[in-house]
Number of protein chains: 2
Amino acid sequence: MTPIEMVERRTTMNGAEVLVKTAAACGIEVCFANAGTTEMPIVMAFDAVPGIRPILCLFEGVCTGAADGYGRMREYPAMCLLHLGPGLANGIANLHNGRRARTPIVNVIGDHATWHREADAPLAMNIEGLAETVSGWLCTSRDAENISQDMADAVEASLQGQIASLIVPHDHQWVQSSDDPVAPPRVSCVPIDFDRIETTVGLLKSARKTVILMDGKALRKRGLHAAARIKAATGCDLMSVTFPAYMDRGAGLPFLPRVPYFPEQAIAALSTYDGVIMAGAREPVAFFGYENGASYLLDPASRKIRIAGEGQDAALALEVLADALHAPLAGNDLRAMVSIYDRPPVPEGKLTAEKACTVLAALQPDHAIIVEEGLTSAFAYYPQAATVGPHSFITITGGAIGQGIPCATGAAVACPDRAVINLEADGSAMYTVQGLWTQAREDLNVTTLICSNRSYFILQVEMMRAGCTAPGPKSLSLSDLGNPAIDWVSVSQGMGVPAVSVTMAEDLAEELQRAIEEPGPHLIEMVL
Amino acid sequence: MTPIEMVERRTTMNGAEVLVKTAAACGIEVCFANAGTTEMPIVMAFDAVPGIRPILCLFEGVCTGAADGYGRMREYPAMCLLHLGPGLANGIANLHNGRRARTPIVNVIGDHATWHREADAPLAMNIEGLAETVSGWLCTSRDAENISQDMADAVEASLQGQIASLIVPHDHQWVQSSDDPVAPPRVSCVPIDFDRIETTVGLLKSARKTVILMDGKALRKRGLHAAARIKAATGCDLMSVTFPAYMDRGAGLPFLPRVPYFPEQAIAALSTYDGVIMAGAREPVAFFGYENGASYLLDPASRKIRIAGEGQDAALALEVLADALHAPLAGNDLRAMVSIYDRPPVPEGKLTAEKACTVLAALQPDHAIIVEEGLTSAFAYYPQAATVGPHSFITITGGAIGQGIPCATGAAVACPDRAVINLEADGSAMYTVQGLWTQAREDLNVTTLICSNRSYFILQVEMMRAGCTAPGPKSLSLSDLGNPAIDWVSVSQGMGVPAVSVTMAEDLAEELQRAIEEPGPHLIEMVL
């Protein structure tokens, strides 16, 4: 029997079919999946019920990272289908990144049949305990009759900018279920606080020097335009958080410096402001706490106000603020706030990390999606790309490495007509290298640029910061990826992605141009 | 400054150095590590304090799986060094396998500095919540003065056959600590219940047909010898659990059928027994609960007795039982219970899963360590290897795939003089493929035999079991690894492990022989 014949023989659908039908009705189009026996009814339901495209990933960290990339581009969730506790556990690191990005993601996790749980079978785990660590919404299905509502609730919860995890026991998938029609999810937003907007106008007028710290929707076009208006009207500065989930960038948009990574630099950069307006951003904190270091980065004497927090539309808050300031909607004052189109020339000679970044800024096509997990190697890219054509920029929000390849994969699924370029550290790339295979299978337009410096270079920097100028052989061995050197061309081709290795800037330019023009995935190892 | 100079400038050690010194004093020799900033003082302590060999793994699932393989071979823990919540999360699936195997493993997980926790920095997670899901012992360091005792407690706890997880905030690593001498860990064992042995003698004498279900120490040489004596004295049957953590096997040892994987077959195999003795084994349960299926596999009418449970020495229990039965210690009756040395001939012609298994049984060297994560492809191996030279046999206890490559890596570190052969499914291999790189760096004697059937074949079997004889394109796509086919030679060479692909049994034989003879790691793709 085929799955469709199996449905036709029954008068009702089973729980799995109701789940898939509801997910499709709620607007879910894609499911990044690595299923097992306890999810088999859902797997078969993808054939029996139309509407959802399942995409196989060969490791769950790829599924969840792809859902993160998809959700950041679409502002709407993809579904992940994960196998029991171990499958969820493998996906947690990238769910953590998604949680920090406030990406809508819907996880469906199979569990043992309810009556089989007490047997504590080999794969049994505390799935709820695992899911709680990353989920803003968590539900274990109580029976098959509620599956439609559970699924719709999950989608609605995810749209608050959080991970929604629905655990579905195997028997709730296979038993018959009535197909309750469920209302489509509502996107609700915490309303803007207008009193706070008034206070912010006062702050902007009275402070010596004010900065608007931006994150969330503030970093999308609407928010950036409103911020540019405010800057034109008041002379305030604009700044992005260190690791934005998503940013619209390029010519025609204002340039936002990012809060520096190391706390002493961040404190220095922020110390000039006696007024700080947070739009979609939390109060900035140090990535790590160092000996004799600080947690909080703002001048304690500064006046701080948050005009839009989690679950609020920071772009709308900035628009309301701009209007309250009677900020210009057009004209030379506003035009002076945004970048004028300009590209760096393609550099020549032996590749360095800086030159690699310049080549990318010089050649990236308009409307590219840039996923940046290059860490130390990508340092020079951000400022150079400020003036190139309009593009999307995505970073590693939660610091859990292994985000780039999956996130680029999901972004390419979300936006098949756009070029995705993943500027990727070699150490990070190894974490979820299996994602290359999904790029090959789905023929995705992703170009992966591997920054092959053959080290966890950030750790060597950290050792120096800790006062160790001459690391011993054991500590060096834990940050050295050079023995043996990973042959990225071989690894990539082995997973079906055409690849080349370059050592010269002009060769990188030629290969990057080719990779962008040819459909399908490519990988370029940049030996740095 | 070098790490040693840093120590010499101080009058005391820091917390990290005390931790490493204590671990070494407790007999820890190896640390499988992927560290970050919050573990940097421990990384530097490996150089400042002698005794521990750190081994870099390029993904935490490799660290934890390697520690599992090491612990199963040594019956003593290795240490894992993991970076915050995301690093621990990446290691959980293989810790789950280790938990089910009752392997001693000591995790050390860094956390943010205590004063930095409230800042909820990007990498902050509920580490305790994650660790609880797999740890039998869990402690978060309260201050640097207790680190020595905490570490010694962790080692002692792990020796109960469980995962011990010690979370150490960054500041407890860098602050000065007095170096308390700590007593070496004691291995304590729950004593044997002698009354129960008497009852078991009665059961063996009165039951029509009895089986001893064996796991844990019962499957190591001492336990197997005692079980053979009991069989010689009583005519009972011996059986292994489906997925043993470790088994001594080969000529001179009794052959133990394993409880079949699918519940209907297991129930049939066990239905002939009206007496069941569990030695180190739990009551067997179905791996999955199926529609109209059962959880428990023993005949409810059978008489069951457990002579050694968790934390008890099942080999000792069997020895005491054998003595109580006045079972022979030598002689023909006992010799008839064990396998006579015999090897299958090397097959010829186009490779199949069965022929691949036969080649391995025909050629594996004496005292090899066989890691079996071949799933459906490895089905024919187990019975054929019963009569070959003595060897160790390790399986995927918790069902979390991605166990084979890491486990083989750890076993090779534990036993550098023995050949390790990993019979590995292709889908499982992709989960933790990064482990090949560690095999190359450490020049480990591991031969990986990839069963390249280009599918999650078990899932296709499961679809048939669910009544779906003609899966649709979407469900097939989620179990098909063939589009594109993974080029295992390319992937393996890219990570520094020499590799070949074979399609004929005689070529496999030649390449396996060569791989065993040449030092260092090898990979053979067996196209099935």
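The model is predicted, so please keep its thresholds in mind: local features need pLDDT of at least 70, side-chain atom pairs count only at pLDDT 80 or more, and totals for chains, interfaces and linings use all residues. Residues are numbered from 1 along each chain as its sequence is written, while chains are lettered from A and ligands numbered from 1 in the order in which they are written.

**How the two copies are related**

**The interface between the chains**

- Contacts link 84 residues of chain B with 84 residues of chain A; a contact means that the C-beta atoms of two residues, placed from the backbone, lie within 7 Å.
- The biggest contribution to the chain B side comes from helix H5 (residues 84-101) of chain B, with 8 residues. Helices here are DSSP runs of H or I with at least four residues, strands are runs of E with at least two, and both are numbered from the N terminus.
- By class, that side of chain B has 48 nonpolar, 28 polar and 8 charged residues. Ala, Val, Leu, Ile, Met, Phe, Trp, Tyr, Cys and Pro count as nonpolar, Asp, Glu, Lys and Arg as charged, and the others, Gly among them, as polar.
- Both copies use the same surface, as 100% of the contact residues of chain B recur in chain A.

**Domains of chain A**

- Chain A is assigned domain 1 (3-177), domain 2 (194-335) and domain 3 (353-527), with bounds from an automatic or database domain assignment.
- The centres of domain 1 and domain 2 of chain A, taken over C-alpha atoms, are 37 Å apart.
- Their contact involves 6 residues from domain 1 of chain A and 5 residues from domain 2 of chain A.
- On the domain 1 side of chain A, these are 1 nonpolar, 3 polar and 2 charged residues.

- In chain B, 6 strands form an open sheet with parallel pairing, in the order E3-E2-E4-E5-E7-E6; two strands pair if DSSP finds at least two bridges between them.
- The edges are strand E3 (53-56) and strand E6 (137-140) of chain B, each of which pairs on one side only.
- Strand E2 (residues 30-34) of chain B pairs with E3(B) over 4 bridges, and Ala33(B) stands opposite Leu56(B).
- In chain A, E2(A), helix H3 (residues 40-48) and E3(A) build a right-handed β-α-β unit: with the strands pointing away from the viewer, the path from the first strand over the helix to the second runs clockwise.
- Val30(A) is placed opposite Arg53(A) in E3(A).

**Backbone details worth a look**

- The peptide bond from Asn483(A) to Pro484(A) is cis, with omega near 0°, and Pro484(A) sits in the loop between helix H20 (473-477) and helix H21 (488-494) of chain A.
- Asn483(B) and Pro484(B) are also joined by a cis peptide bond, with omega about 5°.
- Asp120(B) has a positive phi of about 50° although it is not a glycine; Asp120(B) belongs to the loop between E5 and helix H6 (127-132) of chain B.
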